[in-house]
Amino acid sequence: MASATANKLSEDKLIAWFMDTVLEQEKLPKSIYKFCKDRKIKEEDFYKFFGSFEGLQQSIWEKFFANTLALMEKNEKYGAMTNEEKMLTFFFTFFENLTLNRSYVLFVLKHHSNSLDNMTQLKGLRKNIKAFATGLIDDGNSEKSLKVLKQSPQLFSEGAWIQFLFLLKFWMDDSSADFEKTDIAIEKSVTTIFKVFDNNSLEKILDFGKFLYKENFA
């Protein structure tokens with residue numbers, strides 16, 4: 001029979017405790033045993049929700065994604081948006097969520113100096129973002145009668161993921177008020193990727209390139 005404590009536990013509660021521990025102690029918990037002891041719960045109860053801290057950290061990013069979609073779908077205008085507007089809304093909303101948890105996000109991403117460790121942490125998020133982007137392109141392709149005009153969901157979804165990684169790094173380094181430069185980067189990058197797929201607009205590519213040059217080398 002599950003203990004009373006176990007019945008009160010949830011993924012969200014364990015995640016909140018984990019994030020608080022990281023921020024308060026400025027380090028990742030050394031062991032699940034110690035983490036559970038500090039929180040006065042049984043180690044076996046932790047495993048009912050997560051098999052490891054790595055799994056818990058992946059779940060945090062997946063919840064950022066799920067919360068973003070939930071907020072977007074509450075917008076009555078979302079269904080009538082173009083695919084480009086939906087992608088813009090996704091990135092704007094996602095990074096607003098990250099900003100609410102900026103201290104945690106910066107710590108865990110900078111703690112893992114090895115990029116492969118970060119990729120493990122973002123594994124579930126990568127799958128979700130690619131699925132979201134694929135859905136947008138599939139919707140667009142369904143409206144095109146000629147095969148030659150249809151876009152590659154695989155290529156576009158991978159591009160969306162690379163775009164996200166660029167924006168994540170940009171946001172981490174952004175010191176502008178209210179992260180307004182990140183908002184500009186989101187708008188320009190989303191506009192560019194859609195224009196490239198639509199008509200390979202050189203003007204848009206050059207405009208985005210100038211922006212990146214100014215922000216990184218000015």
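Me: At roughly what angle do the axes of α2 and α5 cross?
Reply: This is a predicted model. In it, the axes of α2 and α5 come within 10 Å. They cross at roughly 105 degrees.

Me: Are α2 and α5 roughly parallel or roughly perpendicular to each other?
Reply: The crossing angle is roughly 105 degrees. Angles from 65 to 115 degrees count as roughly perpendicular. The two helices, α2 and α5, are therefore roughly perpendicular.

Me: How many nonpolar, polar and charged residues does the contact of α2 with α5 have?
Reply: From α2 come Glu11, Asp12, Leu14, Ile15, Phe18 and Met19. From α5 come Phe53, Leu56, Gln57, Ser59, Ile60 and Lys63. By class, that contact has seven nonpolar, two polar and three charged residues.

Me: Is the ring pair of Phe18 and Phe53 stacked, tilted or edge-to-face?
Reply: The ring centres of Phe18 and Phe53 lie 5.5 Å apart, and their planes stand at 40 degrees. Stacked needs under 30 degrees and edge-to-face over 60. The pair of Phe18 and Phe53 is therefore tilted.

Me: How many residues apart in sequence are the parts that the pair of Phe18 and Phe53 ties together?
Reply: Phe18 belongs to helix α2, residues 11–25. Phe53 belongs to helix α5, residues 53–73. Both Phe18 and Phe53 are buried. The parts their pair ties together are 35 residues apart.

Me: Which kind of pair do the rings of Phe90 and Phe91 form?
Reply: Phe90 and Phe91 are both buried. Their ring centres are 5.3 Å apart, with the planes at 65 degrees. Over 60 degrees counts as edge-to-face. So the pair of Phe90 and Phe91 is edge-to-face.

Me: Which residues do ring pairs link into a cluster with Phe90 and Phe91?
Reply: A search of the whole structure finds 20 aromatic pairs. Ring pairs join Phe90 and Phe91 in a cluster with Phe65, Phe94, Phe95, Phe132, Trp161, Phe164, Trp171 and Phe179.

Me: What is the distance of Arg102 from the ring centre of Trp171?
Reply: Trp171 is one of the residues in the aromatic cluster. Arg102 lies over the face of Trp171. Elsewhere, the charged end of Lys86 sits over the ring of Tyr78, 5.2 Å from its centre. For Arg102 and Trp171, the value is 4.5 Å.

Me: Which residues does Thr93 touch, not counting residues up to four places away in sequence?
Reply: Thr93 is in helix α6, residues 83–100. Its relative accessibility is 12%, so Thr93 counts as buried. Beyond those sequence neighbours, Thr93 touches Thr68, Leu71 and Met72.

Me: Is Ser157 buried or exposed?
Reply: Ser157 is in helix α10, residues 153–173. Leaving aside neighbours within four places, Ser157 is in contact with Lys130, Ala133 and Thr134. Its relative accessibility is 3%, and the cut-off is under 20%. Ser157 therefore counts as buried.

Me: What separates the C-alpha atoms of Lys188 and Leu88?
Reply: Lys188 is in helix α11, residues 180–199. With a relative accessible area of 23%, Lys188 is partly exposed. Lys188 and Leu88 are 100 residues apart along the chain. Their C-alpha atoms are separated by 9.7 Å.

Me: What share of the contacts with a separation of 6 or more comes from residues 24 or more positions apart?
Reply: The protein chain has twelve helices and zero strands. Of its 218 residues, 42% are buried. Among contacts with a separation of 6 or more, residues 24 or more positions apart account for 66%.

Terms used: Residues are numbered from 1 along each chain as its sequence is written. This is a predicted model: local features need pLDDT of at least 70, side-chain atom pairs count only at pLDDT 80 or more; totals for chains, interfaces and linings use all residues. Side-chain values use heavy atoms; hydrogens and water are left out. Rings of Phe, Tyr and Trp (its six-membered ring) pair if their centres lie within 6.5 Å; planes under 30 degrees apart count as stacked, over 60 as edge-to-face and the rest as tilted. Helices (H or I, at least four residues) and strands (E, at least two) are DSSP runs, numbered from the N terminus. Buried means under 20% relative accessible area, exposed over 50%, partly exposed in between (1.4 Å probe, protein chains only). A charge sits over a ring if NZ of Lys or CZ of Arg is within 6 Å of the ring centre and within 35 degrees of the ring normal. Contact means heavy atoms within 4.5 Å. Axes are lines fitted to C-alpha atoms, for helices over the stretch in contact, and angles run from 0 to 180 degrees between N-to-C directions. Angles under 35 degrees count as roughly parallel, over 145 as roughly antiparallel, 65 to 115 as roughly perpendicular and the rest as oblique. Ala, Val, Leu, Ile, Met, Phe, Trp, Tyr, Cys and Pro count as nonpolar, Asp, Glu, Lys and Arg as charged, and the others, Gly among them, as polar.
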